[in-house]
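These are my notes from going through one model, entry by entry.

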Amino acid sequence: MSESAEATVPITVLIVDDEELLVKSCGQILSSEGYTVFTEGRGRNALDSLRRHHPDIVLTDLMLPDMDGLALLKEVKRLAPETLVVMITGFATVDSSVEAIRAGAYDYIPKPFTATQLRILIGRAAQQVRLVRDNAHLRDQLKKQYSFENIIGTSEAIQKIFSMISRVAPTDANVMISGESGTGKELIARAIHANGRRASRPFIAINCAALPDHLLESELFGHEKGSFTGADVLRRGLLEQAAGGTFFLDEISEMSMDLQAKLLRVVQERKIRRVGGDAEIPIDVRWVSATNRDPDTAVREGQLRQDLLYRLNVVPLRLPPLRDRREDIPALAQHFLKRYSQEYERGQLRFTPDALRVLTEYPFPGNVRELQNVVERIVSMCLPGQEIAPVDIPDELTVRHSGNGRPALHFNADQPFHDAKSDAISVFEKEYLRDLLQRHGGNISQAARTAGIDRKTIHRMLVKYQLAGRDD
Ligand SMILES: Nc1ncnc2c1ncn2[C@@H]1O[C@H](COP(=O)(O)OP(=O)(O)OP(=O)(O)O)[C@@H](O)[C@H]1O
Ligand SMILES: [Mg+2]
């Protein structure tokens, strides 16, 4: 990793001191040098901030109102051993400076100090941080090159995705992943992060479909104290918390057009304003987004802003549905079999070739997630060491399927018409519901909206057909 590329991930400094003037001027000096700066006046808050922002460097006074600076130092070393701590020491406290170094401080700076002294000292610490980052990065690169440990697949389609990830991950390009529900979009997003130069920084994901607009906005941007009822403390948003890392916008086309406009500004200007705040706060994230719709169709149907798509879709990754890459099914099935046989303590289980064939023939409308659930269900019913044959595979996978991937209609013409009809309706209702819920990850409200029926009806059918769903 070249120095210039690494330099694009800013170094964060947390300044802890109760002297507001000193905090402010140190903050200004360091911000103008390109550091991302957070400040706190108390030791307790500093520890919260440490957990949240993972600063590279902590600059703290030895005397804090609520805590001894040395105690803070020790706590920082315990929570985040790689964070460098620089102590600000008062006049004539040589002993405590020595003690601080002994306790693991990187260096100390006696008060009063000049801007230049501060710049030089923090500059030296920053160099140290970069060195450690570079090393960690090299190690990771060696380990991960061409191997995406937990992503299984030998099909040409998946191999293409692997090669795209390895080319695109180390760049900072924004990636938009599209694919049906359960095809592995989040898994790919994480792999892009893990194989990129932001790997040691946070990966933060938000599901745009999961929250109403106003909550989503304050989740993303944070809010100032008192900006709305219930906002009794200042909260930094997820975008601030992702500093230097990757931000995963899941189900992007579910975001309101209004919020999409705000997001567009953030992506373009790399700055945010907290809800109820005026200050512009720089943010530094790489954007990875996902949608289970075709992005261009979503634009045409007015669910996704064209200009936002243009910004986020620098590199498009399309994940094909599992039914279009059936050669991956056996390897995936074996992978999940191994995992769940350990989890359920079933010893060595294996599929018979016929069982694998049955799995490979099923169209998996819920894609890899459905396959995973099916294997888990099979394993949970197995005896230790058992061989898994077609009879052990749930019925709904073995009924004949019509060309469009849906189960063909079965009936027995010897049955009275009304009985046959009500059986057929039951089969239809069950299949429809299963499919619907799979598409919505089990979310009943979303499923109800799409199907145009009310939630109570869904609940009633869930009970009748012994299916699972969740209310959230
Ligand atoms: N190629 C793969 N190898 C191993 N596991 C996979 C693969 N693809 C998907 N999975 C697993 O399948 C499940 C679903 O994947 P993931 O959550 O990434 O899908 P998704 O596309 O984000 O789905 P949704 O649109 O419903 O959010 C996860 O448990 C994931 O680990
Ligand atoms: Mg997902």
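I note here that the model is predicted.

**Entry: the chain as a whole**

I looked up the overall figures next. The protein chain has 472 residues, and 34% of them count as buried. The secondary structure comes to 20 helices and 16 strands. Along the principal axes, the C-alpha atoms fill a box of roughly 100 × 50 × 40 Å. I also checked how far the contacts reach along the sequence: of those between residues at least 6 apart, 70% join residues at least 24 apart.

**Entry: ligand 1**

Which residues come nearest to ligand 1? I have Ser181, Gly184, Lys185, Glu186 and Val368, out of 18 residues around the ligand. Helix 8 (185–194) and helix 16 (367–381) are the elements that give two or more residues to this shell. By class, the shell divides into five nonpolar, 10 polar and three charged residues.

**Entry: strand 10**

I went to strand 10, residues 246–250, and asked how many of its residues are buried. The count is five of five, and I list the strand as mostly covered. In a regular strand the side chains alternate between the two faces of the sheet. I sorted strand 10 by face: Thr246, Phe248 and Asp250 are on one side, Phe247 and Leu249 are on the other, and all are buried.

Strand 10 has a parallel partner in strand 7 (residues 203–207), with five bridges between them. Within that pairing, Ile206 stands opposite Leu249. Strand 10 also runs parallel to strand 13 (residues 286–291), joined by four bridges. There Thr246 has Arg286 as its bridge partner.

**Entry: strand 13**

I followed the pairing on to strand 13. Six of its six residues are buried, so the strand is largely enclosed by the rest of the structure. Arg286, Val288 and Ala290 point one way, while Trp287, Ser289 and Thr291 point the other way. Strand 13 is also joined to strand 6 (residues 175–178) by four bridges, again in the parallel sense. Thr291 of strand 13 is the bridge partner of Ser178.

**Entry: backbone angles**

Most residues other than glycine have a negative phi, and most peptide bonds are trans. I looked up some exceptions.

The peptide bond between Lys111 and Pro112 is cis, with omega about -10°. Pro112 sits in the loop between strand 5 (107–110) and helix 6 (115–144).

Arg270 has a positive phi, near 55°. I find Arg270 in the loop between helix 11 (257–269) and strand 11 (271–272).

Asn367 also has a positive phi, near 55°, and Asn367 belongs to helix 16. Helix 16 is one of the helices I listed for the ligand 1 shell.

**Entry: Ala333**

Ala333 counts as buried because it has 22 C-beta neighbours inside 10 Å. Leaving out residues up to four places away in sequence, Ala333 touches Phe351, Leu356, Leu359, Leu371 and Val375. For Leu356 I also noted a distance: its C-alpha atom is 8.0 Å from that of Ala333, and the two residues are 23 apart along the chain.

Note on methods
Residues are numbered from 1 along each chain as its sequence is written. Chains are lettered from A and ligands numbered from 1 in the order in which they are written. This is a predicted model: local features need pLDDT of at least 70, side-chain atom pairs count only at pLDDT 80 or more; totals for chains, interfaces and linings use all residues. A residue is buried if 20 or more other C-beta atoms lie within 10 Å of its own, exposed if 12 or fewer, and partly exposed in between; C-beta atoms are placed from the backbone. Two residues are in contact if their C-beta atoms, placed from the backbone, lie within 7 Å. A residue is near a molecule or strand if its C-beta atom, placed from the backbone, lies within 6 Å of it. Ala, Val, Leu, Ile, Met, Phe, Trp, Tyr, Cys and Pro count as nonpolar, Asp, Glu, Lys and Arg as charged, and the others, Gly among them, as polar. Two strands pair if DSSP finds at least two bridges between them.
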